[in-house]
Amino acid sequence: MIELTREKFERVGPNIEESQAIVRPSMTYWQDAWRRLKMNKVAMASLVFLILLGIMAIIGPYMLPYKYSDQNLMLTNRPPSAEHWFGTDYLGRDLFVRTWMGARISLTIGITAALLDGIIGVIYGGISGYFGGQVDNVMMRIVDILYGIPYLILVILLMLVMGPGLVTIITAMVITGWVGMARLVRGQVLQLKEQEFVLAAKTLGASPGRIIMKHLIPNTIGPIIVSITFDVPAAIFTEAFLSYIGLGVQPPLASWGTLANDATNVLLLYPYQLFFPAFFISVTMLSFNLLGDGLRDALDPRLRK
Amino acid sequence: MLRYTFERTIYMIVTLWVIITLTFFLMHMIPGDPFTSEKRVPEQIRQNMLAKYHLDKPLIVQYGYYLRNLLHGDLGISLKYLNRSVNDIIKAGFPPSFQIGMQSIILGVSLGLVLGIVAALNRNGFWDYISMILAIIGRSVPNFIIATLLQFWIASKLRWLPVSGWGTFAHTILPSIALSFASLAIISRLMRASMLDVIGQDYIKTAKAKGLSSTEIIWRHMIRNAILPIITVLGPLIAGIVTGTFVIEKIFGIPGLGKYFVQSIYNNDYTMILGTTIFYSTILVLMVFFVDITYGLIDPRIRLGKGGR
């Protein structure tokens, strides 16, 4: 039998360095979210499409030697050809250039309106939620009333008062559109403000403005981004709707809504003219919606599976 | 419940008042008066016309007149359609809009519910994909494009249904279908999610353990519980359908209220715009009110939860 002496054993103590070494690189919230978004093929496809769309909105109008307002009455309602890739409309304007001009306008309206909605809603909701009590009560009653006013009817009225135009459309949409975001942010802030890190910030003497902007809002940024992503297609749709009933951007400027409207007038003779605006409106709205779904899964830790 | 109803009623009244006031003053900020486009008339006649419609009084007095008449249910006289009161025009224009709106809501909600339920019960099956595709179409294709395409293919190419106009039931089919897509999409997705949520609950397991038949579980336990959250989206949904009728009526040439509304905008017809806006808003606000009350009745958590959600 082998004798077991102390010398035969080697002490393996805890290797402090090794056990505390970080094996995988640490990830920030954004890296983590990005990693999860990358796994979502549908959302990534939407993102790629939207980026391409954005690039085309910038360079598209310069790819053919026509301006969006150039008329050529000798070449009206031509089908797609080598000179006019998407054909021409009833005034002989090149539809390829006009489609991308429309993309520029529709995207500008959609993104600007959604961002402004977001900013106003975040500030309003943040203040209302953080201060609570009477302040919250009054501010939220105002929101409740605004929420009850039919959105499109108010937008139409505002458009009338301010006259048609790009700035007007955005303003009209923002005046009515921020309410949803304010509600969302208020709800989030109400939950967050009871947590210890807010108390810690308060004890250190942070002002309410600092607490809201530096502590509360960054913690709700996920739902805010998701909500903005869903607001963009809604704004694009509203603009298309307004342009379609003749209240949107004015000719010769083009948006997808006005292009669709022009195309329906000659639909029986030249049905393909509706194809491009209809296709791009639909696919853009779809992409934003799918990207929003993907972002929601990626950014909202509570929905993690 | 009484207190909740009372609270909701106050909200409704205040909302309506804000809408009326806002519309009134916005309306009068529009440059020009309704007679600027008329032929040049002597100043005296112009003044008489303004006086007839009280347009020469200070704004606040006009506002008082308007509110007083409104309380009597009188929306005033159209400034463009001579001697036709706004009430008359609404009476003539509302029935077609109402019929199309109702048909599309019934179609959208019932079909959406069925699709949602079937999709949840066959998760990742054939019907789940069908409902997903329909939901994607409804969510991303604007209703005016759906309407134009339906009109083009079904009416003018295949000649199954009339292209446009009003009169028979056949005229109402395509507009209703075009309008119902959005609600179909929302309802079917929501119902599917809600059903999946309920299917995972413990009381379904209990019901199964008790040996209930699956039909009974689906009808009595799943659908009854899953349908609750649907009620909350009905309000906004109805709002979407009502404003959707503007374009749909334009496309299908339906003599409805939406057409009058859009026309009165071009005509600068103050009383008509005011009247139709208030009428639309009242309907929408009333709808939301009934939805809120119904939800409060069905789900006690809502009315006890201090009104917040």
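Reply:

The buried residues of α11(A) are A:Trp256, A:Gly257, A:Thr258, A:Leu259, A:Ala260, A:Asn261, A:Asp262, A:Ala263 and A:Thr264. Buried here means that 20 or more other C-beta atoms lie within 10 Å of the residue's own; exposed means 12 or fewer, partly exposed means in between, and the C-beta atoms are placed from the backbone. Nine of the 10 residues in α11(A) pass that test, and the helix is mostly covered. Helices (H or I, at least four residues) and strands (E, at least two) are DSSP runs, numbered from the N terminus.

A word on the source. This is a predicted model, in which local features need pLDDT of at least 70, side-chain atom pairs count only at pLDDT 80 or more, and totals for chains, interfaces and linings use all residues. Residues are numbered from 1 along each chain as its sequence is written, while chains are lettered from A and ligands numbered from 1 in the order in which they are written.

What covers the buried residues of α11(A)? From chain A, the cover includes α4, α10 and α12. From chain B, it includes α6 (143–157).

Two residues are in contact if their C-beta atoms, placed from the backbone, lie within 7 Å. Ala, Val, Leu, Ile, Met, Phe, Trp, Tyr, Cys and Pro count as nonpolar; Asp, Glu, Lys and Arg count as charged; the others, Gly among them, count as polar.

Now take α4(A), one of the covering helices. Two packed helices are described by the angle between their axes and the distance between the axes. Helix α4(A) (residues 95–131) packs on α7(A) (residues 166–192) at about 40°, with the axes 5 Å apart. That angle makes α4(A) oblique to α7(A). Angles under 35 degrees count as roughly parallel, over 145 as roughly antiparallel, 65 to 115 as roughly perpendicular and the rest as oblique. The axes are lines fitted to C-alpha atoms, for helices over the stretch in contact, and the angles run from 0 to 180 degrees between N-to-C directions. The crossing of α4(A) and α7(A) is right-handed. A crossing is right-handed if the near helix is turned clockwise from the far one by less than a right angle, and left-handed if anticlockwise. Where the two helices meet, the residues divide into 20 nonpolar, eight polar and three charged.

Two residues of α7(A) are worth a stop. A:Gln188 lies in this helix and is buried, with 22 other C-beta atoms within 10 Å. Not counting residues up to four places away in sequence, A:Gln188 touches A:Thr220 and A:Pro223. A:Asn15 is 173 residues from A:Gln188 in sequence and 44 Å away in space, C-alpha to C-alpha. A:Thr171 is also in α7(A). With 16 C-beta neighbours inside 10 Å, A:Thr171 counts as partly exposed. Its C-alpha atom is 48 Å from that of A:Arg24, 147 residues apart along the chain.

Step back to chain A as a whole. Chain A has 12 helices and zero strands. The C-alpha atoms of chain A fill a box of roughly 105 × 60 × 25 Å along the principal axes. The radius of gyration of chain A is 27 Å, whereas a compact globule of 305 residues would have one near 19 Å. That radius is taken over C-alpha atoms; the globule rule is 2.2 Å times the number of residues to the power 0.38. Buried residues make up 41% of the 305.

Chain B has 13 helices and zero strands. Its C-alpha trace spans about 85 × 55 × 30 Å along the principal axes. Of its 309 residues, 35% count as buried. B:Asn124 sits between α4 (86–121) and α5 (126–140) of chain B. The residue is exposed, with 8 other C-beta atoms within 10 Å. Phi of B:Asn124 is near 65°, a positive value in a residue other than glycine. Most residues other than glycine have a negative phi.
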